[in-house]
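Here are a few friendly notes to read alongside the structure. Take them one at a time, and find each place in the model as you go.

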Amino acid sequence: MKYHRFCPRRRTLVVLITAVLQCVLSIDGLAQSPEVTPQSLVFRRQATRRMIFDRSQQIPLSSLQPDKIVGLDLMHPVVGDTTGETWAAIEAGRLKISTDEHNASSQRWVGGFNPFATYELGLHQFDGSGRIGVSFHDTEQNDFLSACIVAKDGRYQAIEWVVVKDGQEVSRQEYAWPDDVRTTGPIRLRVQMLAVGVNLYLDSDGKSQLVGYPDFNEHLELRHKDLISRYEFRLSSDLEANSSAEIDEVLSALTPGCGQADIRAITNQNGEPLLDQGRVWLTMTVRGRALPHPMQGVFSMDPSVFDIRFEGIIVFDMGDGLWRNELASHLFYDESSKQWRGWTTGFSALGTKSSQEEKAILAVWSDRDPRRGFSIMHAKPVGVTGQHEDPHGVYDSEAGKWRLLLSEKAGKYRAGMWESDHWDRGYQRLAGPVEMDSTGTLIQKVGDSRYVFFGSADRKVYIRSYPELKPVGELNMHLPPWNENTGTRIWPNIIPLPDGFPAPYIALMMDRQNYPGMPKSNWTYGAMYLYHAHP
């Protein structure tokens, strides 16, 4: 009886003691558990996407929308030189431009000019013969550039590109109409301005096809701030007798281009990714053609899903009157100064014809938040000699130093570590360069420790110690963003996340698939790839 009476109480005591011991052992086990290392992670592919002038991602600058016009000659007046008499009317929500029995040419103002924007003409139909297109005019000098569709007897024949300087034609190029693009009916002419050159596309039936890719910086330096403010964007027509063109719309916008690459998280000064408004913020190269045609884009993403959003374009001002399209940047928000700062690669030097410049690593800064719209950041060389790339930096509070990791031009590009007492100058070598080809150099924490990561041409993503650059291992990836036929020099872009997200680590990488039809050599890759990783 006594046993049965006390047995439940004794069992309760045993259970309680066992639970306490298990809890203590569990806590001790956590204390003794090994730190998470990058080698212990498997990055598994979740999604992929490439933006190709996505309409939903356009950031509008100006437009002529016929179905929204009240007072055509007020909203979009005739400007510049005209010949003959051109008739213009809004019919069925479209702008119809026509002539009678005489030839005529005219231009209508659409908006301002930005040499980093994309311009589009939505042509619905062309009857007769002549030209219809877009043009960019200096309102103080007789200089302009134009891109037009050439039509003959109602059928599209060619794309024509013309550059005029001081009233004299200095360049005229005609590109044959592609065999697989419709020659009548709705067609879209896309003019992707690239600061020193242009890409000309035709968009029809859901496909954007490259037709031409002239440069113009030999004749006109359109990166000058003063010129940008003087130029304007026009709709141009040059019609033969009894001809007409019906236009759906004309617009200019900032766009994500034909490919996205060089993906890097915007951080604080310690290198921790900036998670603001529930989104990670990223710099990516917006692709146009070769170098120096790309430009620096800003994107954002909710790291719990894959809703990448194009947010804006950044250009850089070195105090010489030019807005420059640098790229491969790392930006950070400096809490102490309340400034946006960082480093970029001075690729725009390759497009300067008036003087010989060399590519260099630049320090950049801005009081204004540069993450949205069109932004200008100040820039200056950090003083590291050599044509290096891919800067990524952190402030190491334990060392009391700024650490800057570069893909150094040392024969091939190889990772090297530099340090300084100042974020924008005074860097001295600390370690490296490593022996293998390196790209997309990154300093990032996994667990409680910083590591160095970089892609390579030898089909690996390497892991090195921080800051010594000693070998640690290689990144383990499920379905990496390459195959046996493609390049592998990708950017790792690993991003740790706080508790509550589907994965404690993500990576947003790119491939190296160039846009079809581009002349070699070109850098028009790629698509974006999302990876999740768990310890």
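**Notes on the model**

1. Let's start with one residue and its surroundings. Leaving aside residues up to four places away in sequence, L235 touches L64, L95, I97, S106, Q107, R108, V110, L121, I132, G133, I247 and V250. Keep in mind that this is a predicted model.

2. In soluble globular proteins, nonpolar side chains tend to be buried together.

3. Next, look for an open sheet of four antiparallel strands in the order β27-β28-β29-β30. Its edge strands, β27 (389–396) and β30 (428–431), each pair on one side only. From one strand to the next, the twist averages 35 degrees. Three bridges join β29 (residues 412–420) to β30, and M417 has A431 as its bridge partner in β30.

4. Now the backbone. Most residues other than glycine have a negative phi, and most peptide bonds are trans. The bond from G432 to P433 is cis, with omega near 5 degrees, and P433 sits in the loop between β30 and β31 (439–446). The bond from Y466 to P467 is cis too, with omega near 0 degrees; P467 lies in the loop between β33 (461–465) and β34 (471–474).

5. Which residue in strand β16 (residues 260–265) deserves a look? D262 is found there, and has a positive phi of about 55 degrees although it is not a glycine. D262 counts as buried because its relative accessibility is 8%, under the 20% limit.

Note on methods. Residues are numbered from 1 along each chain as its sequence is written. This is a predicted model: local features need pLDDT of at least 70, side-chain atom pairs count only at pLDDT 80 or more; totals for chains, interfaces and linings use all residues. Side-chain values use heavy atoms; hydrogens and water are left out. Contact means heavy atoms within 4.5 Å. Two strands pair if DSSP finds at least two bridges between them. Helices (H or I, at least four residues) and strands (E, at least two) are DSSP runs, numbered from the N terminus. Axes are lines fitted to C-alpha atoms, for helices over the stretch in contact, and angles run from 0 to 180 degrees between N-to-C directions. Buried means under 20% relative accessible area, exposed over 50%, partly exposed in between (1.4 Å probe, protein chains only).
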